[in-house]
Amino acid sequence: MGLLKGLLGARNLLLVICVPLLLLPLPVLHPSSEAACAYVLIVTAVYWVSEAVPLGAAALVPAFLYPFFGVLRSSEVAAEYFKNTTLLLVGVICVAAAVEKWNLHKRIALRMVMMAGAKPGMLLLCFMCCTTLLSMWLSNTSTTAMVMPIVEAVLQELVSAEDEQLVAGNSSAEEAEPISLDVNNSQPSLELIFVNEDTSTADFTSLMQNKNVNGVPTITNPVKTANPQGKKQHQSQEKPLVLIPGPRNQELNRKYKSQHDQMICKCLSLSISYAATIGGLTTIIGTSTSLIFLEHFNNQYPAAEVVNFGTWFLFSFPISLIMLVVSWFWMHWLFLGCNFRETCSLSKKKKTKREEVSEKRIQEEYEKLGAISYPEMVTGFFFILMTVLWFTREPGFVPGWDSFFEKKGYRTDATVSVFLGFLLFLIPAKKPCFGKKSDGQNREPSLGTEPIITWKDFQKTMPWEIVILVGGGYALASGSKTSGLSTWIGHQMLSLSGLPPWAVTLLACILVSIVTEFVSNPATITIFLPILCSLSETLHINPLYTLIPVTMCISFAVMLPVGNPPNAIVFSYGHCQIKDMVKAGLGVNVIGLVIVMVAINTWGVSLFHLDTYPAWAKVSNITDQA
């Protein structure tokens, strides 16, 4: 037994060592570039799928194995690890860091919830809308980590408030006490965990397990931010924190006043994860999978200038909007029933006592933020300006601002994001006085020269693991193209030529939707992109007809807690069980798959000219064969 336990404890190390040794006969017995490239691809894929080593570390495997086997020169591999998309991500993270540092995202979320009221149906719709909106620009993990504490506080108010229709009058004061968002709250059943944006699902799960020491929850890594202009309301701003019930088995002891309360808690919790996924689909910067797709597509087809921020948004926004509405109906029907008139009424006369208390709680949380500060206004302005410049660079139907320059094609979306991100390091966080004498009581020497964001703020938010992971995917794709492996794979798929294009795309979407439930999204798309490009070229299908739906369907990992970090965050609150996630997530997955397939065969055809095999794909195919 001791030996078996030792082997199980060292299984990751054994996997890292044994996999390359077992696959070594492939390049040795077949000494060709294709076999060597296949060896590197399989080893890297196994490391990614098993997560025996961190995803970023596994992405470095091509950096030393390609030169070792003579597939690519070391300088050629190194060039693949830093691309235009990396600069785009850097600029976006600068703006995201400012948004989170000055709590602009929390202000937006609370304001939207105040507009909806405390009716369960409207509350569900409002939380889904604000989560979707935030997830368009922030990472899904960060958005979920920020919104869930607000949802949890509202749920506790809904469950704990005395309602003459549902609650007996002898409920104890301790049971009715709401969960506070204050870090200093000494409630023993809660722990506050700082969640990094690039934390993988496995890392998040291990983090939660390690933070319970002898059943005593702890508070870890509260990250304080600057206090602008000496205002009291900003003295305790923090990075996104996750309120998590201490032991997971506390779910068994959780007491709900009624079955209806339990259903509301399940519905609102799960909807946050689904809404974050829907929001990430809307913009090309919303998820790492879309960024990986964009850079791989531009690298594989450099002559194709059809996918940018504007065209992606025009295609994906209707998808997200329809998914949001249909998913809201699905979640409402599954957990709250079909009584939409009662759960969605905006009439003040029909409000119960618990709903009034909940609205008061939300109002108090919003008032704690105080008046909008100067850094929030600057960040909001840059946020809107960046979006406008992205849309107007190359709108397609009219000349954009890029046409004003003599040399065309030199500026991309990354140019805009990096420039605006750079300015955030220069603009001071303290409002300039312009000759006016500042009040000595409100003077903050520490903020006199401090910019909107510092390099430390950027470092905390920047997902470097994703940058290396994306670079590893580019390196694998470049090696597959140079060695001829991608062409060989494409020829093996000629048996699919008898199927119509929509069937090929549907099969690919179903396949990745299943795989991504168990494998991380970036790893899944990095593995499948080169294969699907070769398949499309071999079958003479517009590559976008396959790549865009697959990229979107990879994000639909919503049925299991291990699917992605937002799922793990929601699951950790203890309101829902795995069977609830599977049941609700399966419906959302099917909804997304159907809507994406309808979109790619309707407005996607006219937007991306999918009914023809483009010249830029023919040029790439000729280059590969040469």
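**Entry: serine 327**

I started at the side chain of serine 327, where a polar atom lies 2.7 Å from the backbone oxygen of methionine 323. I count a polar contact as a pair of N or O atoms within 3.5 Å; within protein, one must be able to donate a hydrogen and the other to accept it, and residues adjacent in sequence count only if both atoms are side-chain atoms. This is a predicted model, so local features need pLDDT of at least 70 and side-chain atom pairs pLDDT 80 or more, while totals for chains, interfaces and linings use all residues. Residues are numbered from 1 along each chain as its sequence is written, and side-chain values use heavy atoms, with hydrogens and water left out.

Serine 327 sits in helix 17. Helices here are DSSP runs of H or I with at least four residues, strands are runs of E with at least two, and both are numbered from the N terminus. An α-helix has 3.6 residues a turn, so residues three or four places apart point the same way.

Is serine 327 buried or exposed? Serine 327 counts as buried because its relative accessibility is 0%. The cut-offs are under 20% relative accessible area for buried, over 50% for exposed and in between for partly exposed (1.4 Å probe, protein chains only). I then listed its contacts (heavy atoms within 4.5 Å). Beyond neighbours within four places in sequence, serine 327 touches Met128, Ile278, Val588 and Ile591.

**Entry: leucine 104**

Next I looked up leucine 104, in helix 9 (residues 104-116). Leucine 104 is buried, at 11% relative accessible area. With neighbours within four places set aside, its contacts are Val99, Glu376, Thr379 and Gly380. Glutamate 376 is 272 residues away along the chain, yet the two C-alpha atoms are separated by 5.9 Å.

**Entry: helix 10**

Helix 10 (residues 120-135) has 16 residues. I checked its span from first C-alpha to last: 22 Å, close to the 22 Å expected at 1.5 Å a residue. The expected span is 1.5 Å times one less than the number of residues. How many residues of helix 10 are buried? The count is 13 of its 16, and the helix is mostly covered.

**Entry: rings**

I found 19 aromatic pairs in the structure. Phenylalanine 68 and phenylalanine 69 have ring centres 5.3 Å apart and planes at 90°, so they pair edge-to-face. Rings of Phe, Tyr and Trp (its six-membered ring) pair if their centres lie within 6.5 Å; planes under 30 degrees apart are stacked, over 60 edge-to-face, the rest tilted. Phenylalanine 68 is exposed at 65%, and phenylalanine 69 is partly exposed at 25%.

Tyrosine 301 and tryptophan 616 are also edge-to-face, at 5.1 Å between centres and 65° between planes. Where do these two sit? Tyrosine 301 is in the loop between helix 16 (288-300) and helix 17 (309-336), and tryptophan 616 is in helix 31 (residues 615-625), 315 residues apart. Tyrosine 301 is buried at 0%; tryptophan 616 is buried at 13%. Ring pairs join both to Phe293, Phe297 and Trp312 in a cluster.

I also noted arginine 411 over the face of phenylalanine 405, 4.1 Å from the ring centre. The test is NZ of Lys or CZ of Arg within 6 Å of the ring centre and within 35 degrees of the ring normal.

**Entry: whole chain**

I closed with the totals. The chain has 31 helices and two strands. Of its 626 residues, 56% count as buried.
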